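Please look over the sequence and the structure below before reading on. The briefing that follows takes up a few topics in turn.

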Amino acid sequence: MFLLFFKSTFKELPMFEKLQSPLSLAARVLLAALFVPAGFSKIAGFAGTVGYIGSVGLPLPQLGAIIAIVVELGLGLALLVGFQTRIAALVMAVFSVAAAVFFHAYWGMPAEQVMINQIMFMKNIAIAGGLLALTAFGGGAWSVDAKRGN
């Protein structure tokens with residue numbers, strides 16, 4: 001009941017409509033701030049990235065590193081400017097969940113590694129949630145998509 005009251009009250013406040021554009025931009029910038037630097041660091045430390053991917057038993061670690069760079073850097077930049085936002089965000093959400101499962105599988109780790117990896121796993125899942133919200137609602141009025149009429 002309490003939530004229904006606030007939902008109907010806030011729905012009528014024009015403030016939230018006025019904040020849609022800056023908030024969607026802020027969401028894109030904050031999410032891109034996680035992915036873009038990670039993509040650059042994977043380029044700079046390509047051999048280490050390949051080694052890390054291989055260490056968890058994934059096949060074709062060089063291809064995996066290239067995919068990670070394309071997603072983190074390429075799609076991260078697309079997300080930042082709001083270009084093909086829904087597609088970029090959806091692919092990045094899937095990538096984030098896959099990264100959580102393959103690299104933060106805390107359920108199979110030694111006790112001393114469980115806590116940090118459970119936190120990292122849940123952060124990846126939460127990031128995927130934010131990306132799915134952008135998938136659902138798009139990049140907003142302050143995006144390349146909006147300027148192009150998408």
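In which helix is Val114 found? Val114 is found in helix α6, where helices (H or I, at least four residues) and strands (E, at least two) are DSSP runs that are numbered from the N terminus. What is shown is a predicted model, in which local features need pLDDT of at least 70 and side-chain atom pairs count only at pLDDT 80 or more, while totals for chains, interfaces and linings use all residues. Residues are numbered from 1 along each chain as its sequence is written, and side-chain values use heavy atoms, with hydrogens and water left out.

**The chain as a whole**

- The chain has 7 helices and 0 strands, and its pattern, when read along the sequence, is α-α-α-α-α-α-α.
- The C-alpha trace of the chain spans about 55 × 40 × 20 Å along its principal axes.
- Of the 150 residues in the chain, 31% are buried, where buried means under 20% relative accessible area, exposed means over 50%, and partly exposed lies in between (1.4 Å probe, protein chains only).
- Among the contacts in the chain with a separation of 6 or more, 70% are between residues 24 or more positions apart, a contact being heavy atoms within 4.5 Å.

**Helices α3 and α4**

- Helix α3 (residues 46-55) packs with helix α4 (residues 61-81) at an angle of about 115°, and their axes are 8 Å apart; axes are lines fitted to C-alpha atoms, for helices over the stretch in contact, and angles run from 0 to 180 degrees between N-to-C directions.
- On the α3 side the contact is made by Phe46, Thr49, Val50, Ile53 and Gly54, and on the α4 side by Pro61, Gln62, Gly64, Ala65, Ile66 and Ile69.
- The residues of this contact of α3 with α4 divide into 7 nonpolar, 4 polar and no charged, where Ala, Val, Leu, Ile, Met, Phe, Trp, Tyr, Cys and Pro count as nonpolar, Asp, Glu, Lys and Arg as charged, and the others, Gly among them, as polar.

- The side chains of Lys42 and Glu72 meet in a salt bridge at 3.0 Å, N to O, a salt bridge being a side-chain nitrogen of Lys or Arg within 4 Å of a carboxyl oxygen of Asp or Glu.
- Lys42 lies in helix α2 (residues 14-44) and Glu72 in helix α4, so the pair ties together parts that are 30 residues apart in sequence.
- Lys42 is buried, with a relative accessible area of 19%, and Glu72 is also buried, at 7%.

**Ala88 in helix α5**

- Ala88 is found in helix α5 (residues 85-103) and is buried, with a relative accessible area of 2%.
- If its neighbours within four places in sequence are left aside, Ala88 is in contact with Leu75, Ala78 and Phe83.

**Val114 and Asn117 in helix α6**

- Val114 is partly exposed, with a relative accessible area of 24%, and, leaving aside neighbours within four places in sequence, Val114 is in contact with Tyr106 and Met109.
- Asn117 is found in helix α6 (residues 111-137) and counts as buried, at 11% relative accessibility.
- Not counting residues up to four places away in sequence, Asn117 touches Phe103, His104, Tyr106 and Met109.
- The side chains of Asn117 and His104 are joined by a polar contact of 3.1 Å, which is a pair of N or O atoms within 3.5 Å; within protein, one must be able to donate a hydrogen and the other to accept it, and residues adjacent in sequence count only if both atoms are side-chain atoms.
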